Amino acid sequence: MRITVHDSPRALTFQLEGRLAGPWLRELEECWQNALAGPHKPVLRVDLTGVTWINAAGKACLAALHRQGAEFVAADCLTKAVVAEISHGPRPDGACPNGNGECQP
């Protein structure tokens with residue numbers, strides 16, 4: 001897992017690459033807490049486009065970040081489904097956001 005932080009005037013983005021699991025969850029949480037401890041509270045974004053796998057603990061970590069105001073960027077169907085579940089609760093109609101096996105742009 002690689003965590004790259006991009007600080008721009010509009011948002012602080014955590015770009016994640018690889019497997020979101022194990023000790024990397026603690027590292028992500030520490031980066032997040034450090035960002036929240038600063039004097040200004042930027043828009044905090046988590047870019048999941050480079051994530052290849054998310055385990056249950058990774059999903060729980062993302063849900064906690066969402067509750068603290070995180071925005072997510074996702075590209076593929078499975079990652080979009082995880083984000084949809086975190087943001088709106090579990091979807092009974094299938095893995096992809098529109099329920100028919102295709103992702104909406």
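**Close-up views of the sheet and its helices**

**View 1. The open sheet of the predicted model.** Four strands, in the order S1-S2-S3-S4, make up an open sheet of mixed pairing. Strands are DSSP runs of E with at least two residues and helices are runs of H or I with at least four, numbered from the N terminus; two strands pair if DSSP finds at least two bridges between them. Strands S1 (2-7) and S4 (71-73) are at the edges with a single partner strand each, so one side of each has no neighbour in the sheet. From one strand to the next, the twist averages 20°. This is a predicted model, in which local features need pLDDT of at least 70 and side-chain atom pairs count only at pLDDT 80 or more, while totals for chains, interfaces and linings use all residues. Residues are numbered from 1 along each chain as its sequence is written, and side-chain values use heavy atoms, with hydrogens and water left out.

**View 2. Pairing of S2 with S3.** Eight bridges join S2 (residues 12-20) and S3 (residues 44-54) in the parallel sense. Leucine 12 is opposite leucine 44 of S3.

**View 3. Helices on the sheet.** H2 lies across S2, S3 and S4 and runs at about 170° to S3 (angles run from 0 to 180 degrees between N-to-C directions, with axes fitted to C-alpha atoms, for helices over the stretch in contact). H3 touches S3 and S4 (contact means heavy atoms within 4.5 Å), and its direction makes about 130° with that of S3.

**View 4. Packing of H2 and H3.** The axes of H2 (residues 56-67) and H3 (residues 77-88) are 10 Å apart, at an angle of about 50°. Lys59, Leu62, Ala63 and His66 of H2 meet Val82, Glu85, Ile86 and Ser87 of H3.
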